[in-house]
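Student: I would like to go through this model term by term, and for each term to hear which criterion stands behind it. Could we begin with the strands?

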Amino acid sequence: MNAQLDYVEIRDLTVEFDGFVAVDSVDLTLLQGRVHFLIGPNGAGKTTLVDAVTGLANASGLVRYGSTDLLGLKPHQVVRAGVGRTFQTATVFEQLTVLQNLDIAGGVHRKARSMMRARRGIPSYVEEALDAVGLVDLRDRPAGVLAHGQKQWLEIGMLLVQDAKVMLLDEPVAGMSAEEREETGELLRRIGTERTIAVIEHDMDFVRTFADVVTVMHAGKVLTEGTVAEIQANQKVQEVYLGR
Ligand code: ADP
């Protein structure tokens, strides 16, 4: 492992719901600079895995980011540790403008908030996030009027202002047009060079185009991991996933 790169190390991660094992002894390493996709049939345990990493599901095992074991932390503590996520349905403040959503997301997580506010300007990191996710022209529109894809970009922008070094995205391109998917993939590549990004995804065209690494989950376990070409050539994957 290259010591200069950030990574998230998941070892023996297990989540049970009343005796049902939704995530079963999963080992997974998410490395900075690679866009890592999590795929697998419905019910494979992908969302539960992300829930466990982000403090939303009780789990056993180890999830280490830097010197922090994320397991046992509350969701806001996970965010503070530099790990952010998005949900399939974007969680933005619909009545507030795009800019206000970004400002609030940043203010909640940055100690410098009062200082920034005192200057009355829009913090530069908010401007940068706005630009990075391509929402400059919509900055003063209420988030509620944004199209679905634009809300996903806003959510990613909110992670940027929170200074999330690890981003876990749940089906960000679901419901997007081909053009929006392309833009999203390019956005992930751009911001992914300095961050650790894992994406739950069903859209195989998107995965094929933008994945550096793919982990296939099935029935709570990791079935296999590799490049898109390796995954596509894998007989077990074809049986449980592509052949479903
Ligand atoms: P995926 O994201 O791969 O579609 P999930 O992580 O959503 O899969 O679900 C994995 C399994 O865990 C499914 O069988 C699902 O029904 C079950 N599950 C998820 N959340 C809960 C819960 N809160 N209580 C009980 N079972 C759950």
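**Strands, sheets, core and ligand**

Tutor: Strand β9 (residues 213-218) and β10 run antiparallel and are joined by 5 bridges. Please keep in mind that this is a predicted model, in which local features need pLDDT of at least 70 and side-chain atom pairs count only at pLDDT 80 or more, while totals for chains, interfaces and linings use all residues. Residues are numbered from 1 along each chain as its sequence is written.

Student: How do you know in which sense β7 pairs with β6 and with β8?

Tutor: β6 and β7 pair in the parallel sense over 3 bridges, with Arg 85 opposite Leu 168. β7 and β8 (residues 196-200) are likewise parallel, over 5 bridges, and there Val 166 stands opposite Thr 196.

Student: Why is β7 called mostly covered?

Tutor: A residue is buried if 20 or more other C-beta atoms, placed from the backbone, lie within 10 Å of its own, exposed if 12 or fewer do, and partly exposed in between. In β7 (residues 166-170), 5 of 5 residues are buried. Both faces are covered, with Val 166, Leu 168 and Asp 170 on one side and Met 167 and Leu 169 on the other.

Student: Is Asp 12 exposed or buried, and why?

Tutor: Asp 12 has 12 C-beta neighbours inside 10 Å and therefore counts as exposed. Asp 12 lies in strand β1 and has a phi near 55°, a positive value in a residue other than glycine.

Student: And what class does Ala 219 fall into, and why?

Tutor: Ala 219 has 14 C-beta neighbours inside 10 Å and so counts as partly exposed. Ala 219 sits in the loop between β9 and β10, and its phi is near 50°.

Student: What makes β2 and β5 the edges of the 4-stranded sheet?

Tutor: That open sheet has the order β2-β1-β4-β5 with antiparallel pairing. β2 and β5 (68-69) each have a single partner strand, so one side of each is left without a neighbour in the sheet. α1 packs on the sheet, touching β1, β2 and β4 (60-65), and its direction makes about 70° with that of β2; contact means C-beta atoms, placed from the backbone, within 7 Å.

Student: What makes a nonpolar core, and which residues of the largest one touch the most other members?

Tutor: A nonpolar core is a set of buried Ala, Val, Leu, Ile, Met, Phe, Trp, Tyr and Cys residues joined through C-beta atoms within 7 Å. The largest has 68 residues, of which Leu 102, Leu 154 and Val 199 touch the most other members. Helix α6 (residues 148-161) gives the most to this core, with 7 residues.

Student: Which residues lie around the ligand?

Tutor: They are Phe 17, Phe 20, Ala 22, Gly 40, Asn 42, Gly 43, Ala 44, Gly 45, Lys 46, Thr 47 and Thr 48, where near means a C-beta atom, placed from the backbone, within 6 Å of the molecule or strand. β2 (20-31) and α1 (46-53) are the elements giving two or more residues, and α1 gives the most, with 3.

Technical notes: Pairing = 2+ DSSP bridges. Contact = placed C-beta atoms within 7 Å. Axes fitted to C-alpha atoms, helices over the stretch in contact; angles between N-to-C directions.
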